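Dear colleague,

I am handing over the structure below, together with notes on what was found in it. Please keep it open while you read.

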Amino acid sequence: MDSPALLAHLRRELAAFRSCLDGDLSAPVEHCGDWTLRELAEHLGGSNLWAAAAVTEGHGDLRPDPAPREPAALARWFEDGCETLLAALDSDPDRPAWTFHPPHTVGFWIRRRCLETLVHRWDAELALGAARPLDARLAGEGVAEVLDTLAPRQVARGRARAPQSALRLRATDTGASWTYGPGAPVATLSGTAERLLLLLWGRMPLDDGGRFGWEGDEEAGRRLLTAGPLTP
């Protein structure tokens, strides 16, 4: 997806997450350790400010102040941070920016913040009991980002083992496919783009009621997916 489309999605996903802050901020977030919705909001809002500084100040050293405790103040803080982020990203996507992985451009952050927000919007809505579906094309972009950016970073940081063979992932709803690892794929894992993305982010188990299909060497494919977390 191109940067204008991702930026439009980012605006919508940020607004959807903000709406969740009118709910129970003490609700536990299932896939984020012992975080509550309030702590998830602080994480996402602080990350937005960190990314904005990476663009406008050219470094990744910002340590945002703690978010307010009072619910209305927290919501305003989150909204202000969204505006700061969107203002920073309203620029030429090819403009240089500090990033933790290539490309070192504003476009990197448009994509990264959009897809981070997508997953955490789903987390927040799930915490409140009403997770809405993910846009299929955007979820597919998220799968691509895991494989081309997040997984290599996890390997480089020693959090996951480098793949020794290749796994093909195929989205049954969009027809898109991606390959993770070297050489010809030893197996193909099929599912909707949403389910593949949630699987890679640890939000959905691989053995989830037949929602995924396998072709080829399933055992080898499973080993590739369990060689360490592919996302932070």
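Which residues does P28 touch, not counting residues up to four places away in sequence? They are W35, T36 and A127, where contact means heavy atoms within 4.5 Å. Before going further, please note that this is a predicted model, in which local features need pLDDT of at least 70 and side-chain atom pairs count only at pLDDT 80 or more, while totals for chains, interfaces and linings use all residues. Residues are numbered from 1 along each chain as its sequence is written, and side-chain values use heavy atoms, with hydrogens and water left out.

P28 is found in the loop between α1 (3-20) and α2; helices here are DSSP runs (H or I, at least four residues), numbered from the N terminus. At 61% relative accessibility P28 counts as exposed, the terms being buried for under 20% relative accessible area, exposed for over 50% and partly exposed in between, with a 1.4 Å probe and protein chains only. The C-alpha atoms of P28 and A171 are separated by 30 Å, and these residues are 143 apart along the chain.

The helix pairs come next. Two packed helices are described by the angle between their axes and the distance between the axes. The axes are lines fitted to C-alpha atoms, for helices over the stretch in contact, and the angles run from 0 to 180 degrees between N-to-C directions.

For helix α2 (residues 37-56) and helix α3 (residues 71-89), the axes come within 9 Å and cross at roughly 25 degrees, and the two helices are therefore roughly parallel to each other (angles under 35 degrees count as roughly parallel, over 145 as roughly antiparallel, 65 to 115 as roughly perpendicular and the rest as oblique). Their contact includes R38, A41 and E42 of α2 and L74, W77 and F78 of α3. By class, this contact has 13 nonpolar, six polar and two charged residues, where Ala, Val, Leu, Ile, Met, Phe, Trp, Tyr, Cys and Pro count as nonpolar, Asp, Glu, Lys and Arg as charged, and the others, Gly among them, as polar.

In the loop between α3 and α4 lies P103, which is joined to P102 by a cis peptide bond with omega of about -5 degrees. Helix α4 itself (residues 106-127) has 22 residues, which at 1.5 Å a residue should span 32 Å, and its end C-alpha atoms are 31 Å apart, which agrees; the expected span is 1.5 Å times one less than the number of residues. G129, which follows α4, has a positive phi, near 85 degrees.

The axes of α4 and helix α5 (residues 136-156) come within 10 Å and cross at roughly 115 degrees. Among the residues that meet there are F108, R111 and R112 in α4 and L138, A139 and E141 in α5, and by class the contact has eight nonpolar, two polar and five charged residues.

Helix α5 also packs with helix α6 (residues 193-200), at an angle of about 35 degrees and with the axes 8 Å apart. That contact divides into nine nonpolar residues, two polar and one charged. Q154, also in helix α5, counts as buried at 2% relative accessibility; leaving aside its neighbours within four places in sequence, Q154 is in contact with R159, A160, P229, L230, T231 and P232.
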